[in-house]
Amino acid sequence: MRVLVTERHLEHTSEPTLRDLSEALIAVYGTDYGLHSPTWISRFTDMTRQAAAYRDGRVLLAGDAAHVHPPEGGQGLNLGVQDAVNLGWKLAQVVKRTSPESLLDTYHAERHPVAARVLRKTMAQIPLRRRDDRNKALAETMSELLSMDEPRKRFAAMMSGLDIQYDLGEGHALGRRMPDLDLVTADGPLRVFTLLHDARPVLLNLDEPGGLDISPWADRVQLIDAEYVGTWELPVLGAVPAPTAVLIRPDGYVAWVGDRTPLGLHDALTTWFGPPTAA
Ligand SMILES: Cc1cc2nc3c(=O)[nH]c(=O)nc-3n(C[C@H](O)[C@H](O)[C@H](O)COP(=O)(O)OP(=O)(O)OC[C@H]3O[C@@H](n4cnc5c(N)ncnc54)[C@H](O)[C@@H]3O)c2cc1C
């Protein structure tokens, strides 16, 4: 059983007790229904805050330390975990000195706008919870809107974080989460996400095998020749033409897209995974 009560005034700052909950229930229903043995009691508000900077020198913020918002849509955990996944591999490369410290600034640049959007969208949902006539009318209007396929698809992709596109340039797939394609390789069938289990970057060559040379990064980047038949399905966008090669970061985002030419590949490798190793 889960009970959610709204307090009229923001006067409590301490942890809530069973007695507080019992009194709140009695105030509304005239009884606390014999409430006992709670497993968890918590107090939260619609507080909406974000740190101005996610990085200051050696101090980095992620998760609720970087952003808090009302729990509408259950987005906080995903947001925080994605912060950590975005930051983890960058931090490792800077610590190992394969990348310059400036790589850490891309963490704020990429993740701050994502949380800012969640904060805006969860704030916008607060009136939907209020039960006066005007807000009820607003809630009904939103329900109508979300009964339509296109708005529902967009909101679902937004709330799940699957529509995120980091600003890495023009292109359907660039800056987006790599789809989990079923590939065929010389060693048999393979799912893209299994390649990411080692948390190492992957260059996926879907064109003629052996067409891409990344030997100066071979110690850091896995090069996989594979075949994929068909178009790609991306959240919200739907089917998009399949590129001939993609560079996938350890957090699963596409850092470079090839179209029968390696143009820009070495720049992307240097930007994300450090300068080439001398032969
Ligand atoms: C009512 C409610 C419902 C929610 N529902 C959902 C949901 O359905 N889905 C969802 O995704 N999210 C939900 N969230 C949000 C989610 O709980 C948070 O976004 C998530 O737990 C944040 O994780 P975190 O690791 O960043 O921070 P926290 O979970 O707050 O972890 C921080 C940890 O650091 C510890 N700590 C603090 N200070 C120190 C210190 N000085 N030294 C050592 N340790 C310290 C704390 O004790 C704590 O364990 C909900 C939140 C609320 C309030």
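Val236 counts as partly exposed at 23% relative accessibility, a class that lies between buried (under 20% relative accessible area) and exposed (over 50%), as computed with a 1.4 Å probe on protein chains only. The model is predicted, and local features need pLDDT of at least 70, side-chain atom pairs count only at pLDDT 80 or more, and totals for chains, interfaces and linings use all residues. Residues are numbered from 1 along each chain as its sequence is written, and side-chain values use heavy atoms, with hydrogens and water left out.

Val236 sits in the loop between strand E9 (232-234) and strand E10 (238-240); strands (E, at least two residues) and helices (H or I, at least four) are DSSP runs numbered from the N terminus. Although Val236 is not a glycine, it has a positive phi of about 70 degrees. Arg97 likewise is not a glycine and has a positive phi, of about 65 degrees. Arg97 belongs to the loop between H2 and H3, and it counts as exposed, with a relative accessibility of 74%. A further loop residue, Gly211, is found between strand E7 (202-205) and strand E8 (222-225). Gly211 is exposed at 54% relative accessibility. Its C-alpha atom is separated by 17 Å from that of Ala242, which is 31 residues apart from Gly211 along the chain.

The axes of H2 and helix H3 (residues 105-129) come within 10 Å and cross at roughly 175 degrees. Here axes are lines fitted to C-alpha atoms, for helices over the stretch in contact, and angles run from 0 to 180 degrees between N-to-C directions. H2 and H3 are therefore roughly antiparallel, where angles under 35 degrees count as roughly parallel, over 145 as roughly antiparallel, 65 to 115 as roughly perpendicular and the rest as oblique. On the H2 side the contact (heavy atoms within 4.5 Å) is made by Leu79, Gln82, Asp83, Asn86, Leu87 and Lys90, and on the H3 side by Thr106, Tyr107, Glu110, Arg111, Val114, Ala115 and Val118. These residues divide into 6 nonpolar, 3 polar and 4 charged; Ala, Val, Leu, Ile, Met, Phe, Trp, Tyr, Cys and Pro count as nonpolar, Asp, Glu, Lys and Arg as charged, and the others, Gly among them, as polar.

Helix H4 (residues 133-146) and helix H5 (residues 149-159) have axes that come within 6 Å and cross at roughly 100 degrees, so H4 and H5 are roughly perpendicular to each other. Met142, Leu145 and Leu146 of H4 meet Pro151, Arg152 and Phe155 of H5. By class, this contact has 5 nonpolar, no polar and 1 charged residues.

Aromatic rings provide another kind of link. Rings of Phe, Tyr and Trp (its six-membered ring) pair if their centres lie within 6.5 Å, with planes under 30 degrees apart counted as stacked, over 60 as edge-to-face and the rest as tilted. The count by this rule is 5 aromatic pairs. Among them is the tilted pair of Trp89 and Trp272, at 6.3 Å centre to centre with 50 degrees between the planes. This pair links distant parts of the chain, with Trp89 in helix H2 (residues 76-95) and Trp272 in helix H6 (residues 265-273), 183 residues apart. Trp89 is buried at 7% relative accessibility, and Trp272 is buried with a relative accessible area of 7%. Ring pairs link Trp89, Trp272 and Phe273 into a cluster. Arg249 lies over the face of Trp272, at 4.6 Å from the ring centre; a charge sits over a ring if NZ of Lys or CZ of Arg is within 6 Å of the ring centre and within 35 degrees of the ring normal.
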